[in-house]
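I opened this notebook to record, entry by entry, what I looked up in one protein structure. I begin with the whole chain and then turn to a few places within it.

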Amino acid sequence: MTSDALEISHIVNSPRRSPSALPDRALYVDIRIGSRLDAFCTAHGKLWLAHLSPDDQDRYFKNASLKGMTDHTITDLDDLRTELAHIRDQGFSTNNGEREKDIYAIAVPILTKHGNMISAFSVFGASPATLAQNRDGLLAKLQAAAKSAQHVLYGDA
């Protein structure tokens, strides 16, 4: 999360080694290295917010403009706080077309030995049905990747 704590900065690694992840079809998400997105309406962002202390969450929400990006964006502060508590409890976050219509994502945290979030892995797609049908498998693979990253960084915790 950036120092102003209002946006998420993305780092993208494309198989083609280009500075963005653009598929060969008409529908794509243009998130380039260094792109800055509002935290409250992305899977990664909600994951970061869920791992903030209550005081840091309060600071974020004091300065955030919870504007609706789509019909699915959570703009009610109480609803968003409830969502963040649920995310922290379940250990992953979703984006259900909240930032861009028809873009859905699942994200899992990479944690330190002490449970502090340092990064995240996610997958996204254009079909909520596809993500829903494959959610358990995708989630298991993301969690395994996060656990592997944690092991590389910290060894056996």
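**Entry 1: contacts along the chain.** Before I could read the contact figure, I needed the meaning of the word: a contact is counted where heavy atoms lie within 4.5 Å. I also noted that I am working with a predicted model. With that in hand, I looked up the contacts in the protein with a separation of 6 or more, and found that residues 24 or more positions apart account for 56% of them.

**Entry 2: the overall layout.** I looked up the secondary structure and found 4 helices and 5 strands, which follow the pattern β-β-α-α-α-β-β-β-α when I read along the sequence. Of the 157 residues in the protein, 38% are buried. For the surface, I noted that the protein exposes about 9300 Å², and that carbon and sulfur atoms supply 50% of this area.

Entry 3: Next I asked myself at what angle the axes of helix α1 and helix α3 cross. The axes of α1, residues 43-50, and α3, residues 77-90, come within 8 Å and cross at roughly 85°. Angles of 65 to 115 degrees count as roughly perpendicular, so α1 is roughly perpendicular to α3. I then listed the residues on each side: K46, L47, L49 and A50 in α1 meet L80, E83, L84, I87 and R88 in α3. Sorted by class, this contact of α1 with α3 has 6 nonpolar and 3 charged residues, and no polar ones.

**Entry 4: the aromatic rings.** I searched the whole structure for aromatic pairs and wrote down that there is 1. The pair is formed by Y60 and F61, whose ring centres are 5.2 Å apart and whose planes stand at 75°, so I recorded the pair as edge-to-face, given that planes over 60 degrees apart count that way. Are these two residues buried or exposed? Y60 has a relative accessible area of 1%, so Y60 is buried, and F61, with a relative accessible area of 10%, is buried too.

**Entry 5: a residue in a loop.** Last, I looked up where T112 sits, and found T112 in the loop between β4 (104-111) and β5 (117-125). Its relative accessibility is 17%, and because buried means under 20%, T112 counts as buried. Which residues does T112 touch, if I leave out those up to four places away in sequence? I found I118 and Y154.

Definitions and conventions:
Residues numbered from 1 in each chain as written. Predicted model: local features only at pLDDT ≥ 70, side-chain atom pairs only at ≥ 80, totals over all residues. Heavy atoms only, no water. Helix = DSSP H or I, 4+ residues; strand = E, 2+ residues; numbered from the N terminus. Buried < 20%, exposed > 50% of the residue type's maximum accessible area, 1.4 Å probe, protein only. Areas by Shrake-Rupley, 256 points an atom, 1.4 Å probe, with all protein chains shown as cover. Phe/Tyr/Trp six-rings, centres within 6.5 Å; stacked < 30°, edge-to-face > 60°. Axes fitted to C-alpha atoms, helices over the stretch in contact; angles between N-to-C directions. Parallel < 35°, antiparallel > 145°, perpendicular 65-115°, else oblique. Nonpolar A, V, L, I, M, F, W, Y, C, P; charged D, E, K, R; others polar.
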